[in-house]
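Please open the structure in the viewer and keep the selection tool at hand.

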Amino acid sequence: MNPFSSPTRLRDMIRAIRACKTAAEERGVVRKECAAIRAAISENDQDYRHRNLAKLMFIHMLGYPTHFGQMECLKLIASPGFPEKRIGYLGLMLLLDERQEVLMLVTNSIKQDLNHTNQYIVGLALCALGNIGSAEMARDLAPEVERLLKFRDPNIRKKAALCSIRIIKKVPDLAENFINPAASLLSEKHHGVLITGVQLCVDLCKVSTEALEHFRKKCTDGLVKLMRDLANSPYAPEYDISGITDPFLQIRLLRLLRALGQDDADASDTMNDILAQVATKTESNKNAGNAILYECVAAIMSVEDNGGLRVLAINILGRFLSNRDNNIRYVALNMLMKALAVDSQAVQRHRTTILECVKDSDPSIRKRAVELVYLLVNETNVKPMTKELIEYLETSDPEFRGDLTAKICSIVEKFSPEKIWYIDQMLKVLSEAGNDVKDEVWHSLIVVITNASNLHGYAVRSLYRAVQEAGEQETLVRVAIWCIGEYGDMLVNSAGRLHIEEPLTVTEFDAVDVVEISFKSHSFDLTTRSICLIALLKLSSRFPSCSQRINDIIIQYKGSFVLELQQRAIEFNSIIERHQNIRSSLVERMPVLDEATHSGRKAGSVPAAVSTSQGVLVNLPNGAPRPSAAPLVDLLDLSSDDVPVRSSSGGDFLQDLLGVDLVPVSSQSGTNQAQKSGTDVLLDLLSIGTPLANSSPSTTQVSPSNVDAKSPVDLLDRLSSPSAPSVQVCTPAGSSPMLDLLNGFPSSPPISVAEGNGPAYPSIVAFESNLLKLTFNFLKQPGNPQTTLIEASFINKSQEVLTNFIFQAAVPKFLQLHLDPASGNMLPANSNGSITQKLKLTNSQHGKKSLVMRIRIAYKVNNKDVVEEGQINNFPRDL
């Protein structure tokens with residue numbers, strides 16, 4: 001006989017599979033066995049059907065497909081004998097789930113077995129329904145299950161209660177049918193039936209307010225009595241665990257009491273005494289007792305206010321924090337975080353123990369303890385709590401420092417009683433873990449220092465001392481170098497010295513040495529070295545005796561391979577050597593940075609335009625590129641990329657940066673006004689070219705359509721770039737050639753304005769949804785009317801960050817579309833940034849057919865994929 005024929009016993013098949021030495025050999029054995037089972041199924045072999053299904057279940061557990069045997073389960077369930085039904089129901093629960101359509105065929109068999117005279121067959125049917133019952137099956141079989149809740153055998157009642165839980169979860173509308181039967185189960189003496197009845201009541205309370213009110217009125221007193229009997233019951237060996245009578249039932253009862261007492265004063269008063277008794281008399285030296293105490297604390301925190309009970313509960317959690325078991329301490333920290341909103345004073349008493357948990361060896365406990373400490377801090381305890389955290393920061397693990405520094409910085413910023421304390425604490429954090437803090441931290445520190453005018457000297461001296469001791473912390477170096485550049489004269493002169501400071505002698509050469517060492521350090525990134533370069537430029541004005549040394553340092557980087565450093569070095573060298581008359585104005589101290597604006601920017605609520613001086617504000621649309629004068633802001637300021645810009649005229653930018661009053665003398669409209677705010681201002685301020693005679697004023701012919709779009713930086717570029725759009729500047733005869741700002745490069749000859757960009761078209765909102773806004777800006781190439789250049793700007797209007805951003809577009813056959821790569825794949829929340837993508841459309845039917853486009857935008861929100869589609873028909877007609 002073939003050893004793999006269908007009469008093979010289950011144990012023989014298992015032995016053959018275990019004897020296989022390779023996966024391929026195992027697959028061969030399984031394949032032969034499955035073939036034999038298929039043959040038996042096709043021959044309708046009834047003698048070995050139960051054996052075949054048992055082998056199929058083992059093969060299924062090995063991970064092989066067994067869908068061909070699903071109908072065999074139904075045939076065995078329909079058979080009259082208990083052994084066959086047992087294998088059939090077991091296969092049904094293992095090989096099928098509630099989503100299988102085959103399950104609809106078994107509903108009638110289960111209904112018949114629920115009414116069977118054999119209680120064991122009834123139990124099989126209840127188990128199957130409780131495990132894989134669908135909503136349709138629940139509706140059809142709910143009356144039978146409800147009837148079985150009153151069955152004579154306790155095991156059937158227990159299984160019926162568990163089956164009822166699945167029914168009300170699948171079909172909450174049926175909950176009202178089980179309210180009275182569930183209430184009757186609470187008077188059971190059998191603990192197995194009682195615990196399932198209690199769980200059924202808990203689930204009914206979750207899905208039905210009617211059930212909740214019914215149990216509050218009818219069952220609260222009985223549950224309290226039952227809980228008291230369990231707490232005071234003598235030793236019962238059949239239910240005893242570690243000296244506690246049936247802790248599982250006690251925990252279930254406490255959960256039901258918590259649901260009944262929540263938001264109900266009468267029910268809470270009824271159960272206060274028993275909760276206090278459980279909390280005081282339950283032993284905490286065993287795990288079972290700790291589980292009961294934890295549920296008791298959760299119940300006390302949920303019921304209506306009782307100050308004494310809550311203090312008792314929080315004290316229990318405090319004892320949990322001293323337990324050696326990490327799991328107990330972790331759940332105690334979780335519960336204390338919830339209790340903090342209820343009674344913060346009681347939690348504050350355990351502050352010392354919680355701070356000890358911050359130093360725990362378990363990373364989960366450390367993280368949860370830091371979160372709890374963060375919630376515990378207030379105006380009264382901020383100083384001692386911060387001191388403890390900073391002391392621990394010195395010995396903390398490197399992987400934990402990121403979270404810890406973030407919490408400390410947030411605490412200091414939120415609850416700082418005075419600015420000098422804020423500066424001191426931030427310096428300690430930066431000295432210990434400066435490489436682990438985020439950029440927003442040192443940005444905020446600089447903002448605070450600029451606003452504390454009486455602490456400028458103290459801050460720069462403290463930073464000088466700190467950078468001498470912890471010069472490897474890059475963030476600390478950034479703040480120190482920035483302050484030395486701004487307040488270097490106060491560092492050398494000991495200006496603004498406080499009585500709490502120790503004497504410090506620093507020469508001009510010492511200050512320059514600190515900046516030079518940091519500048520030449522290869523371990524620091526481009527941002528830090530750029531800050532050093534700017535600080536050197538400022539010190540060249542503040543320390544005239546060191547000007548030549550500073551210039552020599554800067555000259556070394558005129559040939560740097562890093563383009564940013566090379567550009568700054570060339571510009572700063574030119575300023576030091578050729579433009580002494582404007583250097584002092586360029587490197588004046590930064591104006592006071594507005595703390596409210598900085599805080600709003602961090603929170604993502606910065607207005608579209610902000611100005612510290614009076615004047616007309618220009619509101620920039622979300623996603624619009626910043627005016628091209630922004631590089632000049634970056635050159636002389638350390639502000640971030642999202643600095644609000646007042647205006648696009650050269651006079652306004654230079655007025656802000658240089659502190660020079662550039663208000664036009666006359667407010668004439670048209671060309672005269674453009675003259676005063678354009679090239680003449682730059683020529684006058686930057687000493688480019690010879691002064692112009694009054695009798696022959698210069699005229700700048702600029703196309704009106706380009707006046708607002710061109711910035712001072714663009715005009716400077718045109719003075720030295722022969723390929724730039726032409727600008728005709730008429731000067732008196734005999735005037736000397738203009739000198740370029742950067743090292744006197746030869747300027748281009750006088751050129752005339754030309755219309756280089758073709759006709760202008762209005763921007764359109766191409767697509768807008770609840771989360772996204774898409775704007776199209778158009779540009780036509782001169783002499784090529786068929787081609788349209790489009791800049792698409794995407795803005796996120798929601799409060800969640802959009803990731804994995806992908807934009808796709810499709811056009812009809814008469815159009816050709818080319819898409820450049822997008823500028824990024826992540827959209828910041830609250831319109832705080834944009835993604836841009838350039839498109840090129842060629843219309844072969846230009847003048848006959850209008851542009852049309854189908855778009856598809858895909859992205860992720862909270863790790864959920866979202867796809868939005870639409871059609872754009874509102875293109876300007878002339879395109």
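Predicted model: local features only at pLDDT ≥ 70, side-chain atom pairs only at ≥ 80, totals over all residues.

Return to Leu92 and display its surroundings. Beyond its neighbours within four places in sequence, Leu92 is in contact with Cys73, Leu74, Ile77, Leu103, Val106, Ala128 and Ile132.

**Helix 15**

Select residues 265–281, the 17 residues of helix 15. From first C-alpha to last, helix 15 reaches 25 Å, close to the 24 Å expected at 1.5 Å a residue. At its start, a side-chain oxygen of Asp264 comes to within 3.4 Å of the backbone nitrogen of Asp266. Proceed to Met271, where helix 15 bends by about 40°; Met271 is also one of the buried residues of this helix, as are Asn272 and Leu275. Against which helices do the buried residues of helix 15 pack? They pack against helix 13 (220–232), helix 14 (247–261), helix 16 (287–302) and helix 17 (307–321).

**Strands 8, 11 and 12**

Now select strand 11 (residues 853–861), which runs antiparallel to strand 8 (residues 802–810) and is joined to it by seven bridges. Strand 11 is also antiparallel to strand 12 (residues 864–872), with nine bridges between them. Centre the view on Ile857: Phe807 stands opposite this residue, and Glu868 is its bridge partner in strand 12. Finish at the hairpin formed by strands 11 and 12, where two residues lie between the strands and Asn862 in the turn has a positive phi of about 55°.

Notes
Residues numbered from 1 in each chain as written. Heavy atoms only, no water. Contact = heavy atoms within 4.5 Å. Helix = DSSP H or I, 4+ residues; strand = E, 2+ residues; numbered from the N terminus. Expected span 1.5 Å × (residues − 1). Bend = angle between axes of the 7 residues up to and from the residue. Buried < 20%, exposed > 50% of the residue type's maximum accessible area, 1.4 Å probe, protein only. Polar contact = N/O pair within 3.5 Å; in protein donor to acceptor, adjacent residues only side chain to side chain. Pairing = 2+ DSSP bridges.
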